[in-house]
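Me: I am new to this structure. Please walk me through how to read its contacts, helices and cores.

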Amino acid sequence: MDRYTPAQIEEKWQKAWIEQGLHQTSNDLSKPKFYALSMFPYPSGNLHMGHVRVYTIADVIARVRRMQGFRVLNPMGWDAFGLPAENAAIERNTQPAEWTYQNIAQMRLQLDQLGISFDWDREVATCSPDYYRWTQWIFLEFFKAGLAYQKEATVNWDPIDQTVLANEQVDSAGKSWRSGAVVERKLLRQWFFKITDYAEQLLTDLDTLTGWPEKVRLMQANWIGKSIGAQVTFTTEGGDQLVVFTTRPDTLWGATFMVLSPEHSLVEKLTVPEQAAAIATYQAAAAKKSDLDRMAEGQEKTGVWTGSYAINPVNGEQVPIWIADYVLVDYGTGAIMAVPAHDPRDFEFAKKFNLPIKVVVQPEDETLDSATMTAAHVGGGVIVNSGALNGIPAGKEAGQSVEAAVQWLEANGKGNGTNNYRLRDWLISRQRYWGAPIPIIHCPKCGAVPVPDADLPVKLPEDVAFSGRGASPLAQLESWINVPCPTCGTSAKRETDTMDTFIDSSWYFLRYPDAKNDQQAFDPAIANDWLPVDQYVGGIEHAILHLLYSRFFTKVLRDRGLLNFDEPFKRLLTQGMVQGKTYKNSQTGKYVLAVHIADLTNPVDPETGDALEVVYEKMSKSKHNGVAPGDVIDKYGADTARMFILFKAPPEKDLEWEDADVEGQFRFLNRVWRLVTEWKTGKETAGNSAPRTLHSALSKPEKELRRAIHIAIQAITEDLADEYQFNTAVSEMMKLSNALTDAPCKESPVYAEGIETLTKLLAPFAPHMAEELWHHLGHVESVHTQPWLVVDESALIADEITLVIQVLGKTKGTIQVPAQATKEELEQYARDSDLAKRYLDGKEIKKVIVVPGKLVNFVVV
């Protein structure tokens, strides 16, 4: 064969695999199933190296499992709704659908060039009516279950993208996760999913996810944020009830005022006329702050008194009701009891506004006086000034004050023990066009009416204009909005909000096994056969949003009788980022293109002359450190790109892109190519003399080579079992390649076994080259349909081992000895060796230490 030409080989086999239907999912139910899934991408139009990494990792897993006898589902689709398509429509004067489907076609071609073994017969696009019909159907299942509802809510508003954001889509700086705009607070009528109904299940079931990274489970647990405490009702002078949740009910006797969120529904009613102007001004100012700003440590406490009072239910004392922005309307009940003696924020607030401070936890080593306190006491001690609780140790342990307080509240009808969660209900409304329309019709007589199943999908109209300003295009299209009520026929209006795109991705994994079903979202029998996903691969940035929502959907659909499993993903692999070498001017913060730098060994900014900092950062256009997958494929081939991605770092670690390392993998594949092709050519030249069989007596070199072959099989199989150490698997292939190169027995059947073994082991990693070499070796069937290799345990047994000879703990050399030698025999071999005679001559041996299989150490006088 000619030299290795990846471009020709890869195009040839990609076409052949399509013609053969090689990657189609097997329906052979006699085989165990394996569902390999990588997170589907947004169709931006171009793959980046992060995509290459995640899809290559999942592809190797899928290919190995097929060879191991599983029926494998390895699908791909497109998370295709969202604002970028609308923004592109505005910029390009086109329709979002046109731009989206062009990008899908382009990215699918790029994925095929990588040799990813996706079953394209299962392809889905969330923007297709064939898909979002069932997204709408699932929404109605939530609606029927009482889990979808609409309410007035203070929401996160993105002033650039003109849409609502979930709390999870606002970053730590209070900015939109996509546009980067500072998020505003706005009151709108919105749709929610009642994910809080599943908070406890979502929390406790994390313990069952033993195949997930601990970091991800901890992130979800913290986001759900369970707190154990009590719910207590304060009553206002006018008879209104203010419910508070507290984790320290034992400090209720020290509550000297109440604080409501500025957005609390009772603020207007509780505000006396004299305070109305101040309250309104404060509310307007609070609306401009993000939740993170309002909760920030060190933020100066501000607030306004409503002019009203409430009654503390445990002691009947009158307490003033204030509003302050450090209380959030959507956390807890939006109202708190303030215990300034024992809460830092309440203490600061009380000091600023000269409110009472009452000590109810007295530390054992000092006596607190509220008049002289300089800070809140948050530690332990003994309960005081608290009626029946006096004298009880302050704390949450059994028999201490918190437990006693809950018992007292329940016995006296003043409150009850309960749990609270940081998790809020999921706001799913979006004021945009390019999303799944919410299938509800608002009737003046019937209220919110579900669109009948027979009328799904509610299709997006195409005759819309995009300006990027004002209300959603759907809200401006009267011909689409105005419809008769499906229940009574009265003139009614469609819901104009579309769904958060995380709705689409919260169930897509259920559609793949039954992707062409036009009668159901999925056949439960088929879904229950394939699910849960055996191995999910994707970025840790989805730890809270997508992964939590997918778990929620699975549990709801289970409770609707559609699924028989509790969790969607058995195992989760969160791959690290791909980082590129970056040249940064630390003085200006500017990133410099490498091509503009005269000397990369001593890089300086060509404009300022400043020395540049060389760091590895996540690849991005703004940092000028990206590498286009197409450029690498054009120069080296897809197999080289795959091998580098897999070899450079363990999958969960960040990967630093180095051109030299890419070149190194290309050289390795060329060595394998020459090794196989030259052996095959030499074999053909030698003619058809009768070969020895593998079962003939083997020479020492043959035994050593066969041992190297089966060590490689064993190690690589283990590397691909659970922990997926692809980098060490590639290293083992390199060792086997070296062993074959150095072996003197190239005419032996053992050598032929080694050549075929190396080709099979390479197949999941470099699928095109392995296929070409396999056929060159004379095989007709695809290498990817071959069974995975099985270790011959007998081949692993070494005839000889290398024994280290030491004197006083210092190594003097090594000798070869029989592998099965006993401790006594090892000592004798060592004593008889030339090394021992040389270094022990004339010395008295005081002690001999034998470590079987490793060394003999002589302790001499």
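**Starting from one residue**

Reply: Leaving out residues up to four places away in sequence, Leu203 touches Ala221, Ile224 and Lys226. Contact means heavy atoms within 4.5 Å. This is a predicted model, where local features need pLDDT of at least 70 and side-chain atom pairs count only at pLDDT 80 or more, while totals for chains, interfaces and linings use all residues. Residues are numbered from 1 along each chain as its sequence is written, and side-chain values use heavy atoms, with hydrogens and water left out.

Me: Does Leu203 count as buried or exposed?

Reply: Buried means under 20% relative accessible area, exposed over 50%, and partly exposed in between (1.4 Å probe, protein chains only). Leu203 has 17% relative accessibility, so it counts as buried.

Me: Which helix holds Leu203?

Reply: Helices are DSSP runs of H or I, at least four residues, numbered from the N terminus. Leu203 lies in helix H6 (residues 199-204).

Me: At what angle do the axes of H7 and H17 cross?

Reply: Axes are lines fitted to C-alpha atoms, for helices over the stretch in contact; angles run from 0 to 180 degrees between N-to-C directions. Helix H7 (residues 214-224) and helix H17 (residues 545-559) cross at roughly 75 degrees, and their axes come within 10 Å. H7 and H17 are therefore roughly perpendicular (65 to 115 degrees). Val216, Gln220, Trp223 and Ile224 of H7 meet Leu547, Leu548 and Arg551 of H17.

Me: How do H21 and H23 pack?

Reply: Helix H21 (residues 700-719) and helix H23 (residues 749-762) pack at about 20 degrees, with axes 9 Å apart. That makes H21 roughly parallel to H23 (under 35 degrees). The contact includes Leu705 and Ile709 of H21, and Val750 and Thr757 of H23.

Me: What is a nonpolar core, and how many residues has the largest one?

Reply: A nonpolar core is a set of buried Ala, Val, Leu, Ile, Met, Phe, Trp, Tyr and Cys residues joined through side-chain atoms within 4.5 Å. In soluble globular proteins, nonpolar side chains tend to be buried together. Here the largest core has 182 residues; Phe552 and Trp426 are among those with the most contacts inside it. Helix H2 (residues 49-67) gives the largest share of this core, eleven residues. Another core, of 53 residues, lies apart from it and includes Met258 and Val304.

Me: What does Phe552 touch?

Reply: Its partners, not counting residues up to four places away in sequence, include Phe142, Phe193, Tyr198 and Trp426.

Note on methods. Helices (H or I, at least four residues) and strands (E, at least two) are DSSP runs, numbered from the N terminus. Angles under 35 degrees count as roughly parallel, over 145 as roughly antiparallel, 65 to 115 as roughly perpendicular and the rest as oblique.
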